[in-house]
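Dear colleague,

Here is the structure I said I would pass on. My notes on it follow below.

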Amino acid sequence: MYYLFIDTNIWLSLFHLSENDWEQFSMLENVLSDEIKLLIPKQVVDEFYRNRDSKIADALSKFKLIKLQIPNIIKQHEKYDELYNLQKELSNKFEEIKDLVIQDIKDRNTKADKLISKFFESSTEVPEELVLKARLRYIKGNPPGKNNSYGDAINWEFLLREVPKDNPLFIITDDKDYYSKLTNNTDEINLFLKEEWKAKKNSDVFIFPSLKSFFDQHLQKIVLIDENKKEELIDALKQSGAFSITHLLIAELEKYTDWNNEQIQRLCQICKENSQVYAIFRDEDVYNFYSNLLDGCSSDNEFVKYVRKRLQAPIQT
């Protein structure tokens, strides 16, 4: 199991100037699985909403339309009116879009707000005992933390509690308190935090300054984990010898949607050749799984044809 923590500053960067963008966070939804768990302490949610408006205000202050300084020699040209009209049209469109965006911001109706609120639904409350531990941590001078604030320390103590031993942790943050001061590298975690994690969790902790850098280095590995899990489930379904096991496996398989043709064909072959799957094909969960599996599938494989025919057949009474 991999555990992932995204710091408040990364969530807030969706409203600002950064390499973290809405599409990357959308992609994050697709890679989370039973093998990759996103940890969101309520501390992060509170920090986000405390700082959302000021972060947006700062971003909007940088969103300015550059007004052309036009010398008289240009105004004398026959094409000047065309340039003037284009500038006026751009200025009007700029104000129109800005007004619409500001209204969406007030209503918390931006794409970023909708996406983030969906993630935040799975946040976890931080017990008071962890807040006290974080305060003591800060008093001792142990990282992370600065400016008489315990927020980072609360998050770190939360991670120490939530992540089981022998499981690696990925942290995405641009907060320098988490990074080594020894080098200018942005992928080296603070030595104290690294050693503490190793001692208490017997595993490694990795750090990234942005969601993009995390994906660049680990998305391929994550996809591979996902594919391996799907293959294991297909093999297990093939060997299923009981209706109850078949239902459990179908429930796990339903969590995935991105099947390749070879996997679809194997699943259809199982439907024909495994007596347990064959017998309960008309059960709601099994029927719906195969119906969704073949939705949009253009394969003319014999097993795909067989399942498609069963889906279309009237129910026998």
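Is Cys271 buried or exposed? Cys271 is buried, as its relative accessible area is 0%. Please keep in mind that this is a predicted model.

Cysteines

I found 0 disulfides in the structure. Cys271 takes part in none, and the cysteine sulfur nearest to its own belongs to Cys268, 6.9 Å away. A disulfide would need the two sulfur atoms within 2.5 Å. Cys297 is likewise in no disulfide; here too the nearest cysteine sulfur is that of Cys268, at 7.0 Å. Cys297 counts as buried because its relative accessibility is 14%, and the cut-off for buried is under 20%.

Helices 7 and 8

The other item is the packing of helix 7, residues 128-140, against helix 8, residues 151-162. The crossing of helix 7 over helix 8 is right-handed.

On the helix 7 side, the contact is made by Leu130, Val131, Lys133, Ala134 and Arg137. Helix 8 contributes Ala153, Ile154, Trp156, Glu157, Phe158, Leu160 and Arg161. Sorted by class, the residues of this contact are 8 nonpolar and 4 charged, with no polar ones. Among the charged residues in the contact are Lys133 and Arg137 of helix 7, and Glu157 and Arg161 of helix 8.

Regards

How values were computed:
Residues are numbered from 1 along each chain as its sequence is written. This is a predicted model: local features need pLDDT of at least 70, side-chain atom pairs count only at pLDDT 80 or more; totals for chains, interfaces and linings use all residues. Side-chain values use heavy atoms; hydrogens and water are left out. Axes are lines fitted to C-alpha atoms, for helices over the stretch in contact, and angles run from 0 to 180 degrees between N-to-C directions. Helices (H or I, at least four residues) and strands (E, at least two) are DSSP runs, numbered from the N terminus. A crossing is left-handed if the near helix is turned anticlockwise from the far one by less than a right angle, and right-handed if clockwise. Contact means heavy atoms within 4.5 Å. Buried means under 20% relative accessible area, exposed over 50%, partly exposed in between (1.4 Å probe, protein chains only).
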